[in-house]
Amino acid sequence: MRLSSGWTALLYLLLHGAATFCTVKKPPSNPGRFANATLVRLADFLSAGYKKGVRPVKDWRTSTIVAIDLMVYSILSVDEKNQVLTTYVWYRQSWTDEFLVWNPEDFDEVKQVSLPTANVWVPDILINEFVDVGKSPDIPYVYVTHEGLVQNYKPIQVVTACTLNIYNFPFDVQKCSLTFQSWLHTIDDINITLMRSPEKLRDDKSVFMNQGEWELLHILSNYKIFSVDNDDYYAEMKFHVVIRRRPLFYTVNLLLPSIFLMVMDIVGFFLPPDSGERVSFKITLLLGYSVFLIIVSDTLPATAIGTPLIGVYFVVCMALLVISLTETVLIVRLVHKQDLQPPVPHWVKYLVLERAPVLFCIHKKHRFCARLSSQASELDRSKEYNYGTAQCSLHHTCEIGQRLSHQDREGGMLGLRLAPSRDNTPPVMDNILQEVTAIRQFLEKRDRCREIAKEWLQVGYVLDVLLFRVYLVAVIAYSITLGTLWSVWQVA
């Protein structure tokens, strides 16, 4: 009895000490700042024995499936020269961590909790097109549900390489890719899938800032498995971000001024070709267009692999202005009056003055040429009549003068006995006749020069109309072609 009572006392002391120790170590009975802190107990429970450096699966043959999602928030910049696209996206990824599971009933029905990202395992999924580290905000937490689902949501400023095609500028549509893949783990360890369906992902523009230069059309997704050495296979998810430039700014500041200058160049053809004002006007337009190209040169995108079509358009417009100036110089040279100008060749008269007005329906010029010819013939007839009358009157006067001089000489010799005039002195009427003949020859020569100048003037007017129509057709065809191409690109 004495021995059993001793063992009983010893057992009592041990039980009392254990009860006291458990009472001291139990967190809920602690009246400190962590009393009844369910989240603290849950965090201690989840971090107890957790290894963040090990892929969180109980069976190593099980692949961790990472679901990702992408939403474009803004297009920050598009650098055509360096072929770089800067975007701001909302990136979401989720996976199942088999070691972060608990029973909500044991923790006051807590079904999800935020944990530091540095304390949990995170997949090494990166973007292949990264060329620079963007200024992305640091989100240090992830959400974990009681079933082990880890949600890692964060905004990212993405600076990626992109092949930009600026040929259709300013109606260009760019397609840039963002490829997400695990840099190290094969498909046996990490596989990638979409968090949403491709249809919902394609048409989702709920968070896009639609106020900048670029407009988001859609986001396409493509899943692919590839291998580098035909031994290890990797999974990748590629997002194609399709954006389109808004062309209104460039249309107002680039296209419209160029169109106005070309219209003024066409209007300049209505100036008379025989005046020097058209040449001055064309030169002024050419100078103004050169200054315009210098101003807009900084606005056009510059790349080493190609030239935008609008740059070709400006060059062609400059070439058209030069051609217009050349045509004006040629016409002015034809219609300019010169004394030593050769006559118009017969084949030029036939082709330009006879056939061209009929073929190209130049009715006004044809009537103008006929009227000039009729006026010239009437002028010739009037001159011949006047010259003939003057010649007859001069001959009649000369005969009268000769008779009078003969009678005077006879009367002087018989009645007055005056000395006769010397034989080497020419009569006054002969000198007058010679002067009138010289004047007539000069007037005939001047009239022939005027007729030649009129013929060249007629040729110049007809050629001016023909070249103007050819120039106008070329400008209209060129404008329709560019307008059609740009309309197709804008709708596409």
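Reader: How many salt bridges does the count come to in this structure?

Author: In this predicted model, a salt bridge is taken to be a side-chain nitrogen of Lys or Arg within 4 Å of a carboxyl oxygen of Asp or Glu, and by this rule the count comes to twelve.

Reader: Which residue forms a salt bridge with R245, and where in the chain do the two partners lie?

Author: The partner of R245 is E80, with the closest N and O atoms 3.1 Å apart. This pair links distant parts of the chain, since R245 belongs to strand β11 (residues 233-245) whereas E80 sits in the loop between β1 (64-79) and β2 (84-96), 165 residues apart. Both R245 and E80 are buried.

Reader: What does the salt bridge between K282 and D265 tie together?

Author: The side chains of K282 and D265 meet at 3.1 Å, N to O; because K282 lies in helix α5 (residues 277-296) and D265 in helix α4, the pair ties together parts that are 17 residues apart in sequence. K282 and D265 are both buried.

Reader: Which residues do salt bridges that share partners join into one network?

Author: That network is made up of D69, R92, R196 and D204.

Reader: Is R61, which meets D59 in a salt bridge, buried or exposed?

Author: Exposed means over 50% relative accessible area, so R61, at 59%, is exposed, while D59, at 30%, counts as partly exposed. Their side chains meet at 3.5 Å, N to O.

Reader: Which residues make the nonpolar surface patch?

Author: The patch, of about 860 Å², is made by L248, V252, L256, I259, F260, V263, M264, V267 and F270. One of them, V252, is placed in helix α4 (residues 248-267) and counts as partly exposed because its relative accessibility is 43%.

Methods
Residues are numbered from 1 along each chain as its sequence is written. This is a predicted model: local features need pLDDT of at least 70, side-chain atom pairs count only at pLDDT 80 or more; totals for chains, interfaces and linings use all residues. Side-chain values use heavy atoms; hydrogens and water are left out. Patches are made of residues with over 30% relative accessible area and no salt bridge: like charges are joined within 9 Å, nonpolar side chains (Val, Leu, Ile, Met, Phe, Trp, Tyr) within 5 Å. Accessible areas come from the Shrake-Rupley method with a 1.4 Å probe; for residues, only the protein chains shown count as cover. Helices (H or I, at least four residues) and strands (E, at least two) are DSSP runs, numbered from the N terminus. Buried means under 20% relative accessible area, exposed over 50%, partly exposed in between (1.4 Å probe, protein chains only).
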